[in-house]
Amino acid sequence: MFIRIFLLSLFICSLAWGETLPTAVRDGSTRFLSRSLGSACYTLDSVQRGLPCNPAVTAKERARRFDADFFAGTQAEYLKEAENLLHGNSDEAQVARFFSHRESIEAEVSLEASFQAPKWGVSIEPYRLVAVSRFENPSLPMVDLVIAEEQSVKGQIASYIHDNFYAGLQARYTHVRFIGDYFALSEAMAGERDDLFSAQELDLIYLEPGFLYAWEDLPWQPQISAVLAHWGVSSHKTEQYPIQPTGLLGASLRPVVPLGLLELGIQFELASETRNVRDAFRAALAYQLGILQAVLSVSDSDHSAGFLLAYKSFTTGLSYWDQNQNRGVFIQLGVTL
Amino acid sequence: MALVSRSTMKTKLQITLFAFTLALLSCQPKEEPRTREKALSQGFSMMDQGRYDEAIQYFTELAQKDPHKHVKLALASAYAGRAGVKIEQIYSFVAVKSLPSVTTIANSRGVEEGTVALMDTLARYSEQWNRIPSIDTQKLADLQRALKVLENDTEPGVRLYAATLRVVVLKSSVTVGLKNWQKTVSAKFCRDDLRAYFDWGVRILENVELLCEDLQAAFPQDEKRYKDIQNRVQRLQEDAGKILWPRENLCL
């Protein structure tokens, strides 16, 4: 009953909302997890970096852990095209190709430290730089640009409620200093460019509840998760950082395999930007064998893959994603104590 | 046993109500929808699909409801797109500020250093001039419509786009005019033929003057520089107006 009501109410929400900005700018999950698994990180919990995406998972923690992570990446092809363009080395076809990108182009650098104990966890992200741009109009490109510098802290508390049911809550505070506007290319080149690139500051507070049904005593350890993400308030309204809640429902299994640990999951994500049912689904798997963890995530519009290699206290990883011919590579370096 | 079961049900019910309340609270709209961008996106999608006539119709209606500079730029760019003037044709001469490097052969022929420098400069300007697209007369009408859409807006970004389109109009007019001139002078021509080209030259100067006005608004920090050029163009126009033409239709 709970799931039915939750799903119905989120669907109603999605109808009440307009257009949203890329979730990557606003998502509060640990960067490697959200880039490699996408929204499936709210259900799959076998890959552990920083705090879990679903705060209810914190209640399952048995040990204390400290993680410090560096994460960076972008779309390599886009950077190469931009470099050629800026140096005047592009011919007409290359200029046309560069400005024909209709999806968001993203770049990101992040530093994060987190401490997790049974039933609670805290995380601090002292520096995160995000750049997102999008082009429209083949004759005179219109640019939607956000370059943001963020500092975030977040805390999670969670508890076992009853039977196989866990509940948790994540509180997240983010301070953002950003430049962002929607402008024509000619405006960026003309005398008004200084006005376009003036910085704004913004404070955001989110409360993100999460729930988990986990049958840990069954052989395949099935679990069902529900999270309400991006639910909060901001110091003032901005187009770049709208408060647009997202409902996430997911299920996962850990089939018994002869070697290693396998986890399979499916995620249903409902937000105002969800255009059709196919967009809402994502499938993911995580496989761990010794010091290697590999993840794979697929949705209708994109797919991503990543791995983590742990040696003693050190972790290194690579995450690759592909969306409509746009490919991005992200690296991850971490320490676990 | 029954008490435990009732307690469990109560807990589940409380959690369900809590989640439901949270979800409903999240429905409260806290942001204004980006209506103008969404509206513009719809027209840009038509342009992506090559449906320029529909895009022009769509942006014309939108501009009547919302005469914002972005809507005017969208409409003007739809006209430009229909005329075949897209970003890849104009980027090379608008965004790349340094003139292309060109080496003339004059140096090897023992010509004076000053002359070589002048020829190199002219060659570089010629190379830059060649980068400007030239379009046929029918398509020029669309660019004139685009300029008409932008004419009353003084925003720098709007004036820069108008200046860019005006350069394409100038290049196209000069190209067509020179082609016709070559045809004319290859045969016998008279004063009346020459007068038509003279008037054409004056119109070119008028366009150059408008271009200077566009650039003054586009780059307020360089206003004085473009004002000086505009003054010189005006003097040329005045001098042209003083020229006395012979009364009889002399032929050559």
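**Cavities and confidence in a predicted model**

Me: What makes the lining of the second largest cavity nonpolar, polar or charged, by class?
Reply: By class, this lining has 9 nonpolar, 2 polar and no charged residues. Ala, Val, Leu, Ile, Met, Phe, Trp, Tyr, Cys and Pro count as nonpolar, Asp, Glu, Lys and Arg as charged, and the others, Gly among them, as polar. A:Leu140, B:Ile87 and B:Tyr91 are among the lining residues, and Leu, Ile and Tyr are on the nonpolar list.

This is a predicted model: local features need pLDDT of at least 70, side-chain atom pairs count only at pLDDT 80 or more, and totals for chains, interfaces and linings use all residues. Residues are numbered from 1 along each chain as its sequence is written, chains are lettered from A and ligands numbered from 1 in the order in which they are written, and side-chain values use heavy atoms, with hydrogens and water left out.

Me: Which element gives the most to that lining?
Reply: α5(B) does, with 4 residues. Helices are DSSP runs (H or I, at least four residues), numbered from the N terminus.

Me: How do you know how confident the predictor is in chain A?
Reply: pLDDT is the predictor's confidence in each residue, from 0 to 100. Chain A averages 81, and 86% of the residues score at least 70. Over residues 1-20 of chain A, pLDDT stays under 50. Helix α1 (residues 2-16) of chain A has the lowest mean among the elements of that chain, 37.

Me: What share of chain B is called buried?
Reply: Buried means under 20% relative accessible area (1.4 Å probe, protein chains only). Of the 252 residues in chain B, 40% are buried.

Terms used: Helices (H or I, at least four residues) and strands (E, at least two) are DSSP runs, numbered from the N terminus. Contact means heavy atoms within 4.5 Å. Buried means under 20% relative accessible area, exposed over 50%, partly exposed in between (1.4 Å probe, protein chains only). On a 1 Å grid over the protein atoms alone, a cavity is a set of points where a 1.4 Å probe fits but cannot get out, and a pocket is an open set with protein on both sides within 12 Å along at least five of seven lines; lining residues have an atom within 4 Å of a point.
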